[in-house]
Each structure stands twice: as C-alpha cells, then as structure tokens.
Amino acid sequence: MEEYAILAGDFSAIGEASTKFKATLKMLGIPSDLVRRASVIAYEAEMNALIHGGGGVLRMTVYDDRLEIVARDEGPGIPDVSLAMQEGYSTATDEIRELGFGAGMGLPNIDRNADSLLIETEIDKGTTLLATVIFPSP
Ligand SMILES: Nc1ncnc2c1ncn2[C@@H]1O[C@H](COP(=O)(O)OP(=O)(O)O)[C@@H](O)[C@H]1O
Ligand SMILES: [Mg+2]
C-alpha cells in the first residue's frame, strides 16, 4: 500500500502522488494498459481532491487480482453525484480554468477507466472515491 497527502492549494505539487503510483506499478511489472488506466484514475482523483476537496489523501493498494485507488478529502462534498458524473459538468472557478483545469471530464474519465467506482460523499463532511481496476486472469 502506498499513500500520499494531497496538500491544499499546492498546485506546484500537482500530479505528484499519481506520478509516484505510476512508477510503482511499472516497477511491479503491471501491464502497460492497466498502468495507463490506473494513472488516469489516480491523476483525476488527485486533482479533484486538490481542487474541489481542499486537499486530502490518495492511496493505492495492489492485490493479486486487482488494484484499488482511494481518494479521500474532508471538503464540501458533492451535492449531486450523477450531475457531477456528466461530461463537461464542472464547478471549477475561472481562476482554476485559467490554470488549464476544470473541463468537467475527470469523473467521467475515472468511470471509463475503472472496473468499478464508488463515491461516498456528504455535504460539509467530505468525499471518498474508491476505484478498482481488475487484472485480467492470465
Ligand atoms: N472531491 C470532490 N469534492 C467536491 N466536489 C467534487 C469532488 N470531485 C468532483 N467534484 C465535483 O464534481 C464536478 C465534476 O468533476 P470532474 O468531472 O472531475 O470535473 P472538473 O474537476 O474538471 O470540474 C466538479 O466540478 C465538482 O463540482
Ligand atoms: Mg476533475
């Protein structure tokens, strides 16, 4: 298991945790298409915890048959998850958009790349995202 803090407002460290995950998966010899999918999930989940959740924690656990990525924050929560899942939906500020983020494609991309996705969220309490990538049996 690998775990990294995502520091609020630290845009200089953007993508740092997901980049470390990617290196670990490569080192473990995970097939490259799975590494790519896991990296997309980790990066988008990290971005959301940073931009929308005010920072949090990104964790990856590799099992024999699957890997799990968990992003947890104690931010504002997501009022309407099915709306948030729609392509192009974003509440990112103009400031964030000027940095090149906030296209509203993060959650749809996570969903596309994960074999299963669970989002637990509570207003003013925070959000926990759990994405699983299953290793195809050899
Ligand atoms: N961890 C989170 N905490 C609060 N809101 C979130 C979180 N993750 C996503 N959201 C909400 O869901 C919307 C869509 O997320 P996403 O598809 O990643 O697009 P983007 O990050 O580009 O806005 C965000 O704009 C935000 O309103
Ligand atoms: Mg996003």
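A: A residue is called buried under 20% relative accessible area, exposed over 50%, and partly exposed in between (1.4 Å probe, protein chains only). This is a predicted model, in which local features need pLDDT of at least 70 and side-chain atom pairs count only at pLDDT 80 or more, while totals for chains, interfaces and linings use all residues. Residues are numbered from 1 along each chain as its sequence is written, chains are lettered from A and ligands numbered from 1 in the order in which they are written, and side-chain values use heavy atoms, with hydrogens and water left out.

Q: To which of these classes does L130 belong?
A: L130 is partly exposed, because its relative accessible area is 24%.

Q: Where is L130 placed, and which residues is L130 in contact with?
A: Contact means heavy atoms within 4.5 Å. Helices (H or I, at least four residues) and strands (E, at least two) are DSSP runs, numbered from the N terminus. L130 sits in strand β5. Neighbours within four places in sequence aside, L130 touches E68, I69, V70, S116, L117 and L118. The C-alpha atoms of L130 and R59 are 9.5 Å apart, although 71 residues separate the two along the chain.

Q: How do I read the strand pairing, and in what order do the strands lie?
A: Two strands pair if DSSP finds at least two bridges between them. Here five strands make an open sheet, ordered β1-β2-β3-β5-β4, with antiparallel pairing. β1 (2-6) and β4 are at the edges with a single partner strand each, so one side of each has no neighbour in the sheet. From one strand to the next, the twist averages 10°; for such angles, axes are lines fitted to C-alpha atoms, for helices over the stretch in contact, and angles run from 0 to 180 degrees between N-to-C directions.

Q: How many bridges join β3 to β5, and how many join β4 to β5?
A: Strand β3 (residues 66-73) is joined to β5 by eight bridges. Within that antiparallel pair, D73 faces T127 and A71 has L129 as its bridge partner. Seven bridges link β4 (residues 116-122) to β5 (residues 126-134). There, L118 stands opposite L130, and T121 is partnered by T127.

Q: What lies between β4 and β5?
A: The two strands form a hairpin with three residues between them. D124, in that loop, has a positive phi of about 65° although it is not a glycine. D124 counts as exposed because its relative accessible area is 63%.

Q: Where does helix α1 lie?
A: α1 lies across β1, β2 (56-62) and β3, running at about 10° to β2. M27 belongs to this helix, which spans residues 16-27. With 67% relative accessibility, M27 is exposed.
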